[in-house]
Amino acid sequence: MADKTYDVIIIGAGVVGSLVARFLSRYRLDVLVLEKDSDIGTGASSANTAIVHAGYDPIPGSLKAEMNVKGNRMFDQLAGELNFSFERRGDYVVSIGPDEYGKLETLRQQGLANGVPGMVMLDGADVRRREPNINPDVSGALWASTGGICDPFSVVVAAAENAVENGVTLLTDTAFEDFIMEGKRIVGVKTNRGDFGSRWVVNAAGLYSDVVMHKAGLRPEFKIVPRKGEYYVFDKAEMTINNVLFPVPSETSKGIVVTTTIHGNTIIGPNALEIEDKEDRSVTPEGLSEVWQGALKLVPSLSLKYAIAEFAGLRPGGNAPSPNPNIHYNKDFVIEIPKEVQGLVNLGGIESPGLTSSPAIAVRVIELLKDAGEKLEEKPDWNPIRIARPRFRDMLPVEQKLLIQNDARYGRIVCRCENVTEGEIVAEIHAPIPARTYDALKRRTWLGTGRCQGGFDIPRVVEILARELGVSSLEISKKGKGSEFLVRPTKDVETE
Amino acid sequence: MLKQKYDVIVVGAGPAGLAAAIGAKKTGAQDVLVIERAQELGGILQQCIHNGFGLETFKKDLPGPAYAQRFIDELTSLHIDTLLDAMVLDVTSERHVSATSQWSGYVELDARALVLAMGCRERTRAQIALPGTRPAGVYTAGTAQRFVNMEGFMPGKQYVILGSGDIGMIMARRLTFEGAKVERVLEIMPFLTGLTRNYVQCLQDFDIPLQLEHTVKRIIGNERVEAIESVQVDDHRQPIPGTEEVIPCDTLLLSIGLIPENELSRKAGVALDPVTGGPFVDERMQTNVPGIFAAGNVVHVYDLVDWVTEAGLLCGRSAAQHAIAERKHAGRRVRMKGGDNVRYVVPHVLDKESLAESRQRLQMRVTTPIEAPVWVEVMNGDERIVRKADLYARPGEMVSIDIPQSAYDAVQRASELTVRVVRR
């Protein structure tokens, strides 16, 4: 048993774990976050549609509906405090042809039942005027003014960073293996890097939340079935869509979305394919074709010629019945302090709208702890503000000049498509949560995401990482151990 | 030290940019600046350490850096300015250039003529929607070439190369020299896409198999490439089921084509040909924007560097001629300005030489009425060039005055003329 006992250990540093840590950092608690990967936010949080949903999709009465609407409301303040990119542009559910139009009203009624404010029905002409690239057969849209888009990577980084600045400990490359129990009470966790004692453990393990709860002997029937979604990303210089466009949803999915990202790229996706492998993020010709056909239905003028990236994400879909006895729904979130064991806050099946719900889930975790008798005492010096670091490409020339005058490294562009500077890269390598891999830098600075997909910057970034971390270029990896870029020096260099 | 205004600014110091700068300077351009994003001049030639360059230009078989060095030496002897390790952030159709570097900071420069010589970039796996996972170990051939030839590192041990482009074949040989195993070169088309000489010298001579009508069906491996699955394709480039083969490897190199790099051109309002991906140009390599020229792979992708050099020289000469004419012309222009009681004057600008041909009429309106005899006067500071008498001046009635041909000499001394309408 470890010497030190924490008050709370959080398993998983995705958007949920990071926000739970951030909200817990307000109180006099020793909090430890364990992340199995080399960086935070690499699971479901790293590959999704980046939409802050309004909340008309979930079944009324479900935890999903409640958390979605509550979480959505929290985003303005959270974005202000944590300084991540968030835009409340509103979103559209678009009906094509006369048959689909009727379904919009059903959706609006569902939204009203969930407490979604600011929904408006638009006719086809309204939609064509707002989004000129739309399928001309558009018959109308449900416009939800509270829908938004955000930078999901920076939500995770900002939340975790704010938590760390307020005293939370983060351990990456540290994988949960089992609980340490005393009878029915959890007193700690075993990991690949030793044991850690704790009074409380929060299961925020995302795709692996079923494995974690089974280790505690809970909900043996609960199973995460990863649902893969594939996407295309388009060159922002070539085509732009102004809005978030959903099709009329089916029974199982919100459908193939055509949307814009906070970085200005049009993206399309996702499809929805249930798979077994929790690490299978491969893209397939079939999946991409499905995404493409779905997107064309909304925006027929899209051209694959301008696609600059494809990726796949996994939604951690669960099978938990809703705690609300009045509804029949068995894919709800799990947010509970179970009675069967003591010392566990159990979260599971946090799939879409998980990103939107995450701040509300964090607040709910705190309420649950209070209900369980935990005396949460506020720290007088808690700082809710996380300062964002400079982003060269978003600045005015006059600001860019000043930035370079203060630190010449901001004058050197390393990623030529996205105009990311050496100054930004170095700052992220030495940030409170250091970026130590190429992908970690990519998620934070957006380098390598443009039309050349890193062809230009990879050798330069490898060199900078090696220099700043004080290691050989051979140790620099794309996403942690086993993904190193280089295998050995060339013969000339070896013999020197 | 950088100047604020140049006759010719060249964006890019690859073979096209070097030749353009040299061509411009030799044609008589006074100040020429080359801006380059790498730390050294020469562009991609610096990592092309194989030979095969200069057979047309120098009748010699040179490696890339040696070919580049000939132009770098000439550039230096011509005292052409350079700004290295610098990125051009913006160019306007008026040839205003914003650039940044660690050494210069953020600078804004103007050019009488601008040469776009940004070259091209490699197509990526995303552009052919290559299925599979996204591990480390998938590189464009050019990125791998930079690692091996410039940085001194091997990106893998066991390779499959997709695409029979020249860089891919050359890298197959280079990697073999370095002791790596190149398992296969796959080409989706039924024919070779690079030069035959590279096929013979780089693949055949080293027993590296080339499979035509084959492509990569998917990439395997989560952290690092573990294998690729290849597949044969039919006449419509569709996979033929049952022909799949898993080839173990730790690296996949892509040599699947090049795309002219025209993001800056677009910012300057340069029209692009959808077929080439490069600017529309005339026989002098001028784009649709007057004073903006383009040369090399930014216009269309070449197979031999010698033809890039040739295009660069032509482009540089044209740019210099434009700049020289522009400079001459700029000294000949006089701005017209409304003085006392004059709201505006048309034309706004007058070519001094126009008086050699004929008298020039100025038209204007007054601000306030004068119901008394007035002078309409054209002044160069305190010196009166010409005046005429009118009986009155009213805002509702246009006023005009002619500058006679006899005023030719007086106008030559002016850079600005003021017109005023005052009480007699």
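Helices (H or I, at least four residues) and strands (E, at least two) are taken as DSSP runs and numbered from the N terminus. The structure is a predicted model, in which local features need pLDDT of at least 70 and side-chain atom pairs count only at pLDDT 80 or more, while totals for chains, interfaces and linings use all residues. Residues are numbered from 1 along each chain as its sequence is written, and chains are lettered from A and ligands numbered from 1 in the order in which they are written.

Chain A is divided by the domain assignment into domain 1 (1–85 + 150–224 + 318–388), domain 2 (86–149 + 227–312) and domain 3 (392–487); such bounds come from an automatic or database domain assignment. A distance of 28 Å separates the C-alpha centres of domain 1 and domain 2 of chain A. Between these two domains of chain A, 23 residues of domain 1 are in contact with 29 residues of domain 2, where contact requires that the C-beta atoms of two residues, placed from the backbone, lie within 7 Å. On the domain 1 side of chain A, the elements that give two or more residues are strand S3 (51–52) and helix H2 (63–82). The largest share of this side, five residues, is supplied by H2(A). By residue class, the domain 1 side that touches domain 2 of chain A holds 16 nonpolar, five polar and two charged residues. Here Ala, Val, Leu, Ile, Met, Phe, Trp, Tyr, Cys and Pro count as nonpolar, Asp, Glu, Lys and Arg as charged, and the others, Gly among them, as polar.

Most residues other than glycine have a negative phi, and most peptide bonds are trans. In chain A, the peptide bond that joins A:Gly269 and A:Pro270 is cis, with omega about -5 degrees. A:Pro270 is placed in the loop between strand S16 (266–269) and strand S17 (273–274) of chain A. A cis peptide bond also runs from A:Ser352 to A:Pro353, with omega near 5 degrees. The loop that holds A:Pro353 lies between strand S20 (344–348) and helix H8 (354–371) of chain A.

A:Asn419, which is not a glycine, has a positive phi of about 50 degrees. This residue, A:Asn419, lies in the loop between strand S21 (413–415) and strand S22 (420–421) of chain A. A:Asn419 is buried because 21 other C-beta atoms lie within 10 Å; a residue is buried if 20 or more other C-beta atoms, placed from the backbone, lie within 10 Å of its own, exposed if 12 or fewer, and partly exposed in between. In chain B, B:Glu213 has a positive phi near 55 degrees. The loop between strand S12 (210–212) and strand S13 (214–220) of chain B contains B:Glu213. B:Glu213 has 18 C-beta neighbours inside 10 Å and therefore counts as partly exposed.
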